[in-house]
Amino acid sequence: MTTDTVDEAQRSLTESGGIEVRWIMPEGFLELPFEADDLDELADQLVELAKQALPGASEEVQLEYAAMCAAHYDEFIEAGVQYAGFVTTEVDGVRCTATVNVSLLDLDERAGSNPVGFIATTMRHLELGQIGEVQLPCGPAVTCVGNRSSGIDGSLTQSRQDEPIWTSFIQVQIPLNNGTVLLLEMGTPTVEAWDVFSSMFAGIVKSVRLFDADGAPLVMPG
């Protein structure tokens, strides 16, 4: 799969022989590279990203930040992440940040003819958060709103030790008719900006459009 920049705001994922997914990202997002030919090129791209994300930081801190980003790529591969971006802004004088990831996963073969219902029931059983079912322009989807514990790498904290944080998240899963699930997730550790970021993410999710191999629009049944 590839991630292509179509224009300033539009993004897409194309699965060979499958469904093309397009969505709109708001301005201001910095995006992790997914198109490097080798590790050296990826390292260079991550250093450039660190310079954009931390323009006033020392070179040492920028390199540490790039290394921290690189450490997540094994997790990205395992989780099927195809796009990862983040934004930083101020809300009521507080510096806030949010991440948005887009993934493609295999649909559980037990989902049957009602994949949305199957996903929703499974997530409720796992008690992952507040579960709902919605109808998007591209088809039916499952939503999950919750909180999870994560951590900040010690290289980026004042104590120089790993520090735990709580991340609030919204996850949306859209089952596709080719046996995959499109998963979009927004997460933020800054509760002050929850309303701003959740509204922003709602716009991203509503912008999702699907196309077949010939470029014809698709809407998932259900």
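1. Val208 touches Val21, Arg22, Trp23, Cys138, Ile174, Leu182 and Leu184, leaving aside residues up to four places away in sequence; a contact here means heavy atoms within 4.5 Å.

2. This is a predicted model, in which local features need pLDDT of at least 70 and side-chain atom pairs count only at pLDDT 80 or more, while totals for chains, interfaces and linings use all residues. Residues are numbered from 1 along each chain as its sequence is written, and side-chain values use heavy atoms, with hydrogens and water left out.

3. Val208 is among the residues with the most contacts inside the largest nonpolar core, which has 33 residues; Trp23, Ile174, Leu182 and Phe201 are the others named. Such a core is a set of buried Ala, Val, Leu, Ile, Met, Phe, Trp, Tyr and Cys residues joined through side-chain atoms within 4.5 Å. Buried means under 20% relative accessible area, exposed over 50%, and partly exposed in between (1.4 Å probe, protein chains only). At least two residues of this core come from each of β3 (20-24), β5 (81-91), β6 (94-106), β9 (163-175), β10 (180-188) and α5 (194-206).

4. The protein has 5 helices and 12 strands, taken as DSSP runs (helices H or I, at least four residues; strands E, at least two) and numbered from the N terminus. Of its 222 residues, 43% count as buried.

5. Asp92, in the loop between β5 and β6, has a positive phi of about 55° although it is not a glycine. Asp92 counts as exposed because its relative accessibility is 78%.
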